[in-house]
Amino acid sequence: MQQPLNILFTASEVVPFAKTGGLADVAGALPKALAKLGHRVVVVMPRYYSIDKSALEHVPGPLGVPMGPMGELWAGVYKSTLPGSDVEIYFIDYEAFYGRSGLYADEHGFSYGDNDNRFIFLSKAAFQLAKKIGFKPDVIHAHDWHTAAQPALAKSRFAYDGFAEAATVLTIHNLQHQGVFFKGAMDVMEMGWEHFNPYEFEAMDGVNLLKGGIAAADAVTTVSRKYAREIQTPEFGFGLDGHIRAHAGKLYGILNGVDYDEWSPDVDPYIVQKYDLGDMAGKSACKTDLQRRFNLPEWTDMPVIGFVGRFAEQKGIGLIAGAMEGLVHLGAQIVMLGTGEKWAEGFFSDVAARYPENFACYIGYSNELAHIIEAGSDLFLMPSLFEPCGLNQIYSLRYGTLPIVRATGGLDDTIQNFDPAARTGNGFKFYDATRDALYHTVKWAVDTWRYDRDAYELMQRNAMQARYDWESSARQYEDVYYHTLYAKRVKNYQ
Ligand code: ADP
Ligand code: GLC
């Protein structure tokens, strides 16, 4: 192995402490996989109100964080380890920013008005913390817009504290959210207004944190190879495609892994009967359990189609809603778990009331039900309009629950379409983002389940044997770290 690295890893959500989506899964698992490769990773996140302080170790002494016009703000620090490892995780405790019910938005879905301050604070606090504990990072790994200020901060405001020599890596988990704020955020970052230009932080006279992060980072990664290509096009670029094309030389696509200690039917504590390839009896038991929990008739001659995810446009909920009239008459049962857009919550609840034998949903967040749906369904629907990586379709593979996906981003990279002639594949794909394409592909999957059981079972075997472990993803990140660090050292030396 090459020299072990010190990696400062700052994220706004980390499993099991706080989670709204896949970013938390990644931030909870990748540091552990990197540590297994021999690196020292220090993870930093906010101490949200929902995180019980009494379960954490208090780190004595306040942490001063310079916040421009707001002066220096003093935070508390707590410490713990990522479960099942000795990876250190530090929590930044600042009541005025993080003592709220939500992570980014209130209970009505409105983003907090001071999210710029809340996350610039986190970005800077991580640097101050590293100094406080005497941790000199070789790599600064930031995630999404929340900590996207870090690469630029390391080169400007914090350059003289030893951070300028570190390789800065920014991972884009979702380009839709860019952190666009009033330009006064420049003063809070204390970076100098020379960075307020259309090639760095400026966008239509506001500050775009992700844009500035992409410009400043030594390497930019995103969570699948397909998405790395897609974000360079206007269709998926959310206005930043040109900017990303300009930085394409430092852009890498690395697929997320799966934590198989948590998502695997042979060890899953949430499911009624464990199963695996050699003994699939448990899967039928899980199906019955799922139907029972959702008050659906316990029919065995119909496939159950599962959905788990945020009710956001991204996830294709508009397509599902559009195709619903056809879907409920397909001779299948559909089970949805999710929360988000209010129209969708109302719409799907209404469908459940009207078609109680063929459709059921749970509006809310439940990790337990997510596991139960993965295990008990025959098919899994993920018709995203865009999907940087997507985790649920990869979980589904392991549970032998064949995914029906739209061919975009990580969904396209992980799912091989059923080829009835060659008898290959591990799921069903469609291309056009239309309700007709979705409907016909779901019908194709249902028909395959019903009339071509051999093909269905063959694909199930393909799916369950595939592995997307974190070790191989961590090795790819390691390559990016070394490559970036050496390139940077050579440049500094010249
Ligand atoms: P995204 O990060 O865009 O939401 P991913 O597929 O990467 O999509 O990750 C979503 C994660 O959040 C998965 O672990 C999924 O199981 C979980 N999840 C999403 N919605 C819910 C919900 N309502 N209840 C439980 N888990 C959920
Ligand atoms: C984002 C993406 C999702 C990805 C996750 C973790 O939330 O929407 O596709 O899997 O981040 O990288």
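Buried means under 20% relative accessible area, exposed over 50% and partly exposed in between, with a 1.4 Å probe and protein chains only. The model is predicted: local features need pLDDT of at least 70, side-chain atom pairs count only at pLDDT 80 or more, and totals for chains, interfaces and linings use all residues. Residues are numbered from 1 along each chain as its sequence is written, chains are lettered from A and ligands numbered from 1 in the order in which they are written, and side-chain values use heavy atoms, with hydrogens and water left out.

View 1. Helices (H or I, at least four residues) and strands (E, at least two) are DSSP runs numbered from the N terminus. Because 8 of the 8 residues of H6 are buried, the helix is largely enclosed by the rest of the structure. Among the buried residues are Leu209, Lys211 and Ile214. Asn208 caps the N-terminal end of H6, with a side-chain oxygen 3.2 Å from the backbone nitrogen of Leu210.

**View 2. The largest nonpolar core and Met189.** A nonpolar core is a set of buried Ala, Val, Leu, Ile, Met, Phe, Trp, Tyr and Cys residues joined through side-chain atoms within 4.5 Å. The largest one has 174 residues, and Phe121, Met189, Phe348 and Phe359 have the most contacts inside it. Helix H3 (residues 115-132) gives the most to this core, with 9 residues. Domain 1 (6-257 + 471-493) and domain 2 (281-468) both contribute residues, so the core lies between them; the domain bounds come from an automatic or database domain assignment. Leaving aside neighbours within four places in sequence, Met189 is in contact (heavy atoms within 4.5 Å) with residues including Ile120, Phe201 and Leu209.

**View 3. Surroundings of ligand 2.** Of the 13 residues around ligand 2 (a heavy atom within 4 Å), His173, Asn256, Glu387, Cys389 and Gly390 come nearest. A polar side-chain atom of Glu387 lies 2.5 Å from a ligand 2 oxygen, and a polar backbone atom of Gly390 lies 2.8 Å from an oxygen of ligand 2. Taken alone, ligand 2 exposes 310 Å², of which the protein buries 93%; areas come from the Shrake-Rupley method with a 1.4 Å probe.

**View 4. Ser384 beside Glu387.** Ser384 is in the loop between strand S16 (379-382) and helix H13 (392-398). Ser384 counts as buried because its relative accessibility is 0%. Its side chain makes a polar contact of 2.7 Å with the side chain of Glu387. A polar contact is a pair of N or O atoms within 3.5 Å; within protein, one must be able to donate a hydrogen and the other to accept it, and residues adjacent in sequence count only if both atoms are side-chain atoms.
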